[in-house]
Amino acid sequence: MQKGIWVNILVFIVFVIVTVIIFKANILYGLIFLLAVLILFTFIKRAVILAIIGRTNYFKGNVEKGLAWFEKAYKTGVAKPNTIVSYAYLLLKSGNIKDSERVLENLLRTHLETNDRMLAKSNIALVKWKKGELDNAIETLQEVIRDFETTNIYGSLGYMLIQKGDLDKALEFNLKAYDYNSSNTIILDNLGQNYYLRQEYDKAADIYKNLLEQNPSFPEAYYNYGLVLKAKNENEKALEMAKKALNYKISFLSTIKKENIDELIEDLEKIS
């Protein structure tokens, strides 16, 4: 990494020296040189530029336009693995399992650095999960995390282990995830949900109090906390949390549906 930085610095210095020499010789030639360099840079970095436009559109809410720009970046044939994985992830998040899987499998057939391969495999695990292949998804993430620990993998695997149903094993892992990153909102939500399902409601409530201090931007945090509060007979506050969950977007990768929130609200309004 350090060598790459020094190479970039050297290239920049050479570029500045050459530019100054050309401008001193002839201003018009200098402008032509800068234009040529700009065109060459744009061509070399076209996949990066297209992906940036795609990401900007996607997070502004223009999902279709964002994916279209990412597709253009992908089809250049020079997109870097992290750009391709981002494209596949956004496809999956939008509900396009088939294309997401195709993009990731094609990437995994190429020569990749270890970290890039692990990143792609961790996203393939999400595809398997959404295809209903929970055991395969867990096995893939367990294989990846042995050599490639990241907060995202701890978050994904922690939730999947809860879904598997062995709450003791899930808790052991989610406590390990908490030790790895105690401030991550997904990890906190997993741990809180794990305690809730084990009927350890006070422990769950403590986790969710910590989580809500970070103003999480996903509906599960508020919905799951609502379930905990309902179990503790704090129905008024539970209703507040359930209604707050409706303020956040539910995507294909969300672990709850709007119907779940609506049902919780309806139950709490009957109690109140």
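User: What should I know about the numbering and the model before I start?

Analyst: Residues are numbered from 1 along each chain as its sequence is written, and side-chain values use heavy atoms, with hydrogens and water left out. This is a predicted model, where local features need pLDDT of at least 70 and side-chain atom pairs count only at pLDDT 80 or more, while totals for chains, interfaces and linings use all residues.

User: Okay, helices. How do the axes of α5 and α7 cross?

Analyst: The general idea: two packed helices are described by the angle between their axes and the distance between the axes. Here, the axes of α5 (residues 81-93) and α7 (residues 114-130) come within 10 Å and cross at roughly 10 degrees. That makes α5 roughly parallel to α7. Angles under 35 degrees count as roughly parallel, over 145 as roughly antiparallel, 65 to 115 as roughly perpendicular and the rest as oblique. Axes are lines fitted to C-alpha atoms, for helices over the stretch in contact, with angles from 0 to 180 degrees between N-to-C directions. Helices are DSSP runs (H or I, at least four residues), numbered from the N terminus.

User: Which residues of α5 and α7 meet?

Analyst: From α5 you have P81, V85, Y89 and L92; they meet D116, L119, A120, N123, L126, V127 and K130 of α7. Contact means heavy atoms within 4.5 Å. Sorted by class, the residues of this α5 and α7 contact are eight nonpolar, one polar and two charged. Nonpolar covers Ala, Val, Leu, Ile, Met, Phe, Trp, Tyr, Cys and Pro; charged covers Asp, Glu, Lys and Arg; the others, Gly among them, are polar.

User: Now pockets. How much space lies in the largest pocket, and what lines it?

Analyst: Rolling a probe the size of a water molecule over the atoms shows where empty space is left. On a 1 Å grid over the protein atoms alone, using a 1.4 Å probe, a pocket is an open set of points with protein on both sides within 12 Å along at least five of seven lines, and lining residues have an atom within 4 Å of a point. In this model the largest pocket holds about 1300 Å³. Its lining has 41 residues, and Y89, K93, I186, S251 and L253 lie nearest the centre. Helix α9 gives the largest share of that lining, seven residues. By class, the lining of the largest pocket splits into 19 nonpolar, 17 polar and five charged residues.

User: And which residues line the second largest pocket?

Analyst: That pocket has a volume of about 300 Å³, and its lining is N8, V11, F12, F15, V37, L40, F41, I44 and K45. Seven of these lining residues are nonpolar, one is polar and one is charged.

User: Single residues next. Is N174 buried or exposed?

Analyst: Buried means under 20% relative accessible area, exposed over 50%, and partly exposed in between (1.4 Å probe, protein chains only). N174 sits in helix α10 (residues 167-180) and counts as buried because its relative accessibility is 0%. Beyond its neighbours within four places in sequence, N174 is in contact with G158, I162, N190, L191 and N194. R198, in the loop between α11 and α12, is partly exposed at 30%.

User: What is the phi of Q199?

Analyst: Q199 has a positive phi of about 65 degrees although it is not a glycine. Q199 is exposed, with a relative accessible area of 60%.

Notes
Helix = DSSP H or I, 4+ residues; strand = E, 2+ residues; numbered from the N terminus. Points joined across faces, edges and corners; volume = space filled by probe spheres on them.
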